[in-house]
Amino acid sequence: MSDTVLELRDVTRRFTVSQGAFRGKAVLTAVADVSLKVKRGEVFALVGESGSGKSTLAKMLLGLLPPSAGEILIDGTPIAASNRIAVARRIQPIFQDPYSSLNPRKSIAQLIGLPRRMLDAYPGQLSGGQRQRVAIARALVMRPEVVICDEPTSALDVSVQAQILNLLLDLKRELGLTYFFISHNLAVVEHLADRVAVMYLGRIVEERTRAGLFAQPGHPYTRALLESVLTPDPDLGVPDTQIGSAMANPMAHYAGCPFQPRCPNAMDICKTIPPAVTALPDGWATCHLLQQEAVASS
């Protein structure tokens with residue numbers, strides 16, 4: 001049996017979107033040429049700001065959305081070649097909001113079941129943490145190989161978040177699960193992940209071990225994400241990420257690096273030539289400056 005349980009090969013997803021009554025339609029590339037390998041039994045995290053394409057990728061992993069190009073394989077078998085039931089037996093989701101992801105007209109007994117005293121209750125009668133536990137139990141009842149965790153704690157109170165995260169880790173150990181963990185919360189990722197991929201405008205710009213990425217991020221966007229984390233000390237103020245006030249534009253087409261309009265280290269080459277992959281001891285990143293530093297040190 002291969003160590004790779006989930007693999008993405010040049011996965012792309014495009015949407016045709018309206019630009020208004022008089023401007024016609026345009027193509028939005030939500031996910032662009034993503035290639036990843038997830039090892040059996042690991043927690044693989046995908047991070048990035050809102051709109052980077054994380055949830056679109058999650059829908060493709062679950063078979064809810066077909067790729068426009070590329071393929072997704074589980075245990076070497078393309079998902080596209082399997083039917084929905086076969087995919088559901090092997091990959092299950094835990095979504096961000098347990099209230100909206102649970103059918104409010106079905107009791108807990110119908111959904112999955114928790115302590116007997118809750119069996120006749122409905123989702124609206126449970127707390128957020130209880131609802132998320134129901135969602136987790138429902139996802140695991142079919143003993144899937146991979147669980148897609150799409151922001152599973154962001155809708156919960158901080159104290160409950162810790163309980164849910166510890167529960168997920170306990171279940172991973174007990175059941176031998178593999179997690180594909182999607183989050184914008186870097187503190188959660190640092191606590192859980194074995195490997196981390198950073199997504200910007202649908203592209204993976206860095207993939208590293210957790211320790212390597214948090215100790216020495218290679219891509220300037222990764223550094224900006226880490227520097228944006230708020231601290232408990234009010235005297236430190238709001239962090240300055242050095243990327244200005246410009247927003248990521250998913251409709252723009254860039255000849256060079258997509259991050260260069262916001263990058264504090266952008267050079268002329270960044271505007272015209274896409275950055276190549278630079279190998280790092282524990283992974284890789286795509287950045288012209290990183291490439292120049294690697295050449296200079298070799």
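1. A salt bridge here is a side-chain nitrogen of Lys or Arg within 4 Å of a carboxyl oxygen of Asp or Glu. Please keep in mind that this is a predicted model, in which local features need pLDDT of at least 70 and side-chain atom pairs count only at pLDDT 80 or more, while totals for chains, interfaces and linings use all residues. Residues are numbered from 1 along each chain as its sequence is written, and side-chain values use heavy atoms, with hydrogens and water left out.

2. Searching the whole structure gives eleven salt bridges. One of them pairs Glu145 with Arg40, with 3.5 Å between the closest N and O atoms. The two residues are 105 residues apart: Glu145 is in the loop between helix H5 (128-140) and strand S7 (146-150), and Arg40 is in the loop between strand S2 (25-39) and strand S3 (43-47). Helices (H or I, at least four residues) and strands (E, at least two) are DSSP runs, numbered from the N terminus.

3. How accessible are these two partners? Glu145 is partly exposed at 24% relative accessible area, and Arg40 is partly exposed at 30%. For reference, buried means under 20% relative accessible area, exposed over 50%, and partly exposed in between (1.4 Å probe, protein chains only).

4. Have a look at Glu49 and Arg262 too, whose side chains form a salt bridge at 2.8 Å, N to O. Glu49 sits in the loop between S3 and helix H1 (54-61) and Arg262 in the loop between helix H9 (220-227) and helix H10 (268-272), so this pair ties together parts 213 residues apart in sequence. Glu49 is partly exposed, at 25%, whereas Arg262 is buried, at 7%.

5. Arg208 and Asp282 also form a salt bridge, their closest N and O atoms being 2.6 Å apart. Both Arg208 and Asp282 are buried.

6. Now for the nonpolar cores, meaning sets of buried Ala, Val, Leu, Ile, Met, Phe, Trp, Tyr and Cys residues joined through side-chain atoms within 4.5 Å. The largest has 28 residues, and Leu6, Leu8, Leu57, Ile148 and Phe180 have the most contacts inside it. Among the elements that each supply at least two residues of this core are strand S1 (4-18), H1 and strand S8 (178-183).

7. Which residues does Phe180 touch, leaving aside neighbours within four places in sequence? Its contacts (heavy atoms within 4.5 Å) include Leu6, Leu36, Phe44, Leu57 and Ile148. A second, separate core of 19 residues includes Ala139, Val147, Ile164 and Leu168.
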